[in-house]
Amino acid sequence: MGEAAAAAAHQIVTIEVNAHGIAVITFLNPPVNALNMEALEQLKGKYNEAMERDDVKAIVLTGGGGKFSSGLDISLMQIIQKTGDNSFLAEICRDLNNLVEDGQKPSVAAIQGYALGGGLEFAMGCSARVATPGTKLGLPELALGVIPGFGGTQRLPRLVGVSKAVEMLMTSRPIMSEEGKTLGLIDAIASPEELLETSCNLALDIAENRKPRLYSLSRTDKLESSKTEEILQGFRQQAEATALTMPHKLACLDVIQEGLTSGGHSGILKEGKVFKELVLSTAAKAFVHVFCAQRATSQVRGVTDAGLKPQAIEKVGVIGAGLMGSGITTALILSNIHVILKEVNSEYLQKGIQKIEANLQALVMKGKLDENGVKRALSNLRGVSDYSDFRDVDMVIEAVIEDLSLKQSIFEEIEKICPPYCILASGTSGIDLIEIGKRTNAQDRIVGAHFFSPAHIMPLLEIVRTEKTCTQVLLDLMTIGKTIKKVPLIVGNAPGFAVNRTFFPYFQGPYLLADLGVDIFRIDRVICAFGLAMGPFQLHDVTSYNLAITFAKEMAEAFPGRTFQSPLHQLMLRHGRQGKSNGKGYYIFEKGSKPKPDYSVLPIVEESRINKGKPISVSDQEIVEMIFFPVVNEACRVIEEGVISQASELDVASILGMNFPSRLGGIMFWADTIGAKYIYNSLSKWVHPLRHNSRLRRENLNVLDSENEIAVLGSNM
């Protein structure tokens with residue numbers, strides 16, 4: 001390839017000047033028009049060319065391929081975080097922004113598809129913006145642990161007002177171009193066919209003074225000066241509540257405040273300084289890691305690259321209308337998928353439908369759904385008490401209790417009724433799928449669809465494959481998972497699969513500590529302070545003790561000698577406590593108020609202690625480590641055994657399935673920041689005193705692992 005051809009092959013940005021003197025600068029960097037260094041340098045070069053050309057009156061900036069720009073290429077942030085040098089990025093973006101907004105010739109942004117992050121920041125530097133209907137506009141930087149670095153914190157408030165701008169920044173949620181037009185972010189809406197013509201005409205009008213040239217950074221007409229402080233204080237109070245997990249929200253508010261107090265140019269300087277600090281922070285590294293890891297889950301070797309096309313799944317049968325079945329059904333009907341919901345009788349069916357209606361109304365209360373959306377979703381639902389309507393379903397999801405014999409009977413029956421192409425999925429949280437499908441001749445169509453409760457809210461979907469599950473089934477289930485807004489993760493058919501297997505020490509460590517005399521409410525407080533939404537004892541109040549008992553039994557059978565089985569759940573049930581379901585658990589549950597510790601439960605906790613010795617003394621840090629280090633160790637086994645492909649997948653799973661703090665990057669990323677040596681030494685330090693405890697030795701309860709088992713950690717991190 002010659003030099004000219006090579007240059008053309010890398011041409012990301014082009015410039016064309018029309019007969020009216022409008023230079024159309026187009027950048028095309030598939031698939032999402034991300035702004036990498038090459039794109040930024042070429043943009044700067046084309047802008048300089050347009051500014052110098054005598055035949056150019058104004059510029060229209062647009063993206064090719066039906067998209068404007070998704071913003072800064074995430075790999076640039078990774079390079080900065082790896083090298084510690086972000087000067088090159090700051091310099092070129094500052095120069096480019098100056099050219100766009102303050103150059104001698106005005107610019108108009110012609111936006112289609114989406115303008116996100118740095119893409120929207122450059123568009124806001126233009127004198128005006130034209131967008132197609134349904135275009136997404138947003139600044140999602142805070143979701144990556146940073147703040148906008150190309151002037152977004154200063155220009156957005158001046159274009160849409162402080163209140164809306166801060167809301168967009170704090171939530172990282174985009175708005176549509178129609179709302180943007182109402183707010184003033186967009187100057188005109190045009191069809192895709194008319195976008196360039198409309199933008200060019202507007203640019204010419206500005207260049208020839210028929211319309212004013214506006215400088216976003218200098219505008220003050222949208223700043224609610226009398227209410228600004230009140231608005232910012234309200235958002236600051238909200239940000240302070242999440243300061244542990246999202247400290248950069250407060251930093252973003254400080255930058256906005258600087259601009260409002262001292263002017264846009266002063267705000268820009270502070271924004272650049274804070275961005276440089278945040279991009280190198282541990283939290284930003286964690287958020288970027290999670291973003292990339294989650295994106296990588298959509299590509300599965302041997303599945304997504306197998307040359308297959310997803311088959312349409314329009315009708316799904318769900319068996320079981322309990323907590324899980326009603327949640328799965330809610331997720332499906334919200335995505336316009338027809339569901340046949342089957343229960344054993346009309347009474348249970350009606351209760352299940354009521355749960356689904358309650359799920360939908362809860363979304364209405366949160367502003368995520370309107371009443372028309374509720375009606376539309378419910379129109380996709382039909383309840384039945386037999387399998388006659390299952391004859392033409394594309395997929396069945398079994399969501400009954402964790403009883404192997406019952407599941408075997410169900411699969412044996414539905415194989416005879418459902419069409420031969422129907423996917424047969426089990427919602428089991430840990431039972432061997434080979435055993436579930438043992439009585440069928442459809443092993444190639446049997447797959448696990450493990451949702452996390454509440455299924456219509458929790459974003460993770462574990463897709464469990466056996467050696468016999470065909471690739472088409474895996475691809476189709478991945479596709480349906482994305483359709484219902486889940487992150488699908490393919491895992492192996494092993495006890496507990498990936499997430500429950502990794503985290504089973506998390507559900508036992510707290511009970512071991514309670515047995516050793518550590519206050520259960522202190523444990524929950526420490527875990528919440530660490531970053532989880534609720535502690536393990538409150539979590540079991542919410543999810544049911546019976547489920548916890550069943551799960552502990554399954555893990556004990558799968559890993560004999562490596563589990564701790566506390567009698568506490570059984571004692572709670574014996575004392576008439578069922579957690580949230582009857583309002584009495586470790587916590588008191590009253591409608592309209594947050595759960596409160598029920599200190600009357602402490603005698604039951606004391607009764608459950610097999611170890612009646614003096615309570616151990618541990619620090620808060622030791623509580624965190626004694627609960628989560630065994631989880632890290634188990635994660636290493638899960639990776640070593642091939643249950644999951646790579647450590648980053650467990651990071652995604654731990655965050656989306658177990659609410660592990662995203663600011664820590666997931667369970668394995670967090671472990672890497674601590675170091676294998678420290679974790680190994682800590683586990684070793686705890687094992688020996690505990691194993692010399694007579695009760696632990698007698699019961700062979702090795703929740704913290706034996707010395708040879710800890711060695712797995714050192715070889716896998």
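## The annotated domain

UniProt, in an unreviewed entry, places the feature "domain: 3-hydroxyacyl-CoA dehydrogenase NAD binding" at residues 315–492. In this predicted model, that stretch of chain is 40% helix and 22% strand. Its end C-alpha atoms lie 27 Å apart.

In soluble globular proteins, nonpolar side chains tend to be buried together. Here, the largest nonpolar core holds 95 residues, and the members that touch the most others are Phe 390, Tyr 506, Tyr 586, Phe 628 and Trp 670. Helix H27 (residues 620–640) is the biggest giver, with 12 residues. At least three residues come from each of domain 2 (315–493) and domain 3 (502–704).

Let's look at one member, Tyr 506. Leaving aside residues up to four places away in sequence, its contacts include Ile 527, Leu 532, Pro 536, Phe 628 and Met 658. There is also a second, separate core of 74 residues, with Ala 50, Leu 169, Ile 256 and Leu 278 among them.

Another joins Ser 453 and Pro 454, with omega about -5°; Pro 454 lies in the loop between strand E17 (446–451) and strand E18 (460–465).

The loop between E2 and E3 also holds Asn 33, which has a positive phi of about 55° although it is not a glycine. Asn 33 counts as buried because its relative accessibility is 1%, under the 20% cut-off. Phe 497, likewise not a glycine, has a positive phi of about 55°. Phe 497 is in the loop between strand E19 (487–492) and helix H20 (499–503), and is buried, with a relative accessible area of 0%.

How values were computed: Residues are numbered from 1 along each chain as its sequence is written. This is a predicted model: local features need pLDDT of at least 70, side-chain atom pairs count only at pLDDT 80 or more; totals for chains, interfaces and linings use all residues. Side-chain values use heavy atoms; hydrogens and water are left out. A nonpolar core is a set of buried Ala, Val, Leu, Ile, Met, Phe, Trp, Tyr and Cys residues joined through side-chain atoms within 4.5 Å. Buried means under 20% relative accessible area, exposed over 50%, partly exposed in between (1.4 Å probe, protein chains only). Helices (H or I, at least four residues) and strands (E, at least two) are DSSP runs, numbered from the N terminus. Domain bounds come from an automatic or database domain assignment. Contact means heavy atoms within 4.5 Å. UniProt positions are given in the numbering used here, feature names are shortened, and annotations may be inferred rather than shown by experiment.
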